[in-house]
Amino acid sequence: MAEMYWGAAPQEAGASWKITLAVAVIPAIAAIVAAVIAARSARLAKNSEMEAQRLRELESRISEKKYDTYKPMINTLKDMLDRREVDEETFRSRVSEFATWVAIFGSDEAVESFHNFMQASFNAPTPPIILMRLYADFVLSARRDMGYPDTSSTRKQILGSRITDVHTHPLFAHIDKPFADLCRDVEWSPPWL
């Protein structure tokens with residue numbers, strides 16, 4: 001029996017050595033694989049951050065351009081609402097320039113709301129409440145376009161900065177009605193429909 005024990009020992013010792021080596025190598029391989037995955041993840045995260053930074057810079061440049069695009073038109077309309085004289089030549093020049101740039105830099109909503117406002121302006125007589133509604137819609141779409149996509153500002157808030165009785169005058173009581181209903185109430189047909 002002693003021979004068997006001594007005879008089996010070298011085989012068990014060789015198997016034990018291989019098992020010990022395997023047990024030591026498996027965690028080392030796992031650590032190497034984890035390090036490679038971590039390095040790849042870090043590289044991907046860095047690339048993602050660089051891309052996000054590039055997009056933020058691009059959005060900032062576009063936002064600045066949009067501000068430059070909207071400012072003259074918003075100021076012209078503000079002057080008109082404040083009953084300041086805007087001579088026809090200046091008005092036409094600003095509208096023409098704005099129309100060119102809003103078509104390029106403006107969102108679809110901004111282009112549509114400016115179109116509707118201008119068409120109502122061109123097709124007199126347009127009821128004042130319609131013009132004010134379209135002006136407020138245009139300003140709200142400009143706000144969304146320039147970086148406030150989730151704006152909660154209202155038409156009355158936009159108009160209230162220029163009109164003292166926006167909350168009490170009966171003319172403004174239904175400014176937030178669906179546009180088709182508002183047009184029907186004042187018996188006006190939009191030229192774009």
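How many salt bridges does the structure hold? The structure holds 8 salt bridges, a salt bridge being a side-chain nitrogen of Lys or Arg within 4 Å of a carboxyl oxygen of Asp or Glu. The model is predicted, so that local features need pLDDT of at least 70 and side-chain atom pairs count only at pLDDT 80 or more, while totals for chains, interfaces and linings use all residues. Residues are numbered from 1 along each chain as its sequence is written, and side-chain values use heavy atoms, with hydrogens and water left out.

The protein chain contains 6 helices and 0 strands, in the order α-α-α-α-α-α along the sequence. Helices (H or I, at least four residues) and strands (E, at least two) are DSSP runs, numbered from the N terminus. Of its 193 residues, 26% count as buried; buried means under 20% relative accessible area, exposed over 50%, and partly exposed in between (1.4 Å probe, protein chains only). The accessible surface of the protein chain is about 13,300 Å², and carbon and sulfur atoms account for 59% of this. Accessible areas come from the Shrake-Rupley method with a 1.4 Å probe, and for residues only the protein chains shown count as cover.

Two of the salt bridges lie within single helices. Glu51 pairs with Arg54, with the closest N and O atoms 2.8 Å apart; both residues lie in helix α1 (residues 2-81), 3 residues apart, about one turn of the helix. Glu51 is partly exposed at 35% relative accessible area, and Arg54 is partly exposed at 43%. In helix α2 (residues 88-105), Glu88 and Arg92 are 4 residues apart, about one turn of the helix. Their closest N and O atoms are 2.7 Å apart in a salt bridge, and both residues are exposed.

A further salt bridge joins Glu109 to Arg144, the closest N and O atoms being 2.5 Å apart. This pair links distant parts of the chain, with Glu109 in helix α3 (residues 108-122) and Arg144 in helix α4, 35 residues apart. Glu109 is partly exposed, with a relative accessible area of 34%, as is Arg144, with 28%. Arg133, Asp137, Arg155 and Asp176 are linked in a salt-bridge network.

Asp145 is placed in helix α4 (residues 128-145) and is buried, with a relative accessible area of 11%. A polar atom of the Asp145 side chain lies 3.0 Å from the backbone nitrogen of Ser107. Beyond neighbours within four places in sequence, Asp145 is in contact (heavy atoms within 4.5 Å) with residues including Lys66, Tyr70 and Phe105.

Terms used: Polar contact = N/O pair within 3.5 Å; in protein donor to acceptor, adjacent residues only side chain to side chain.
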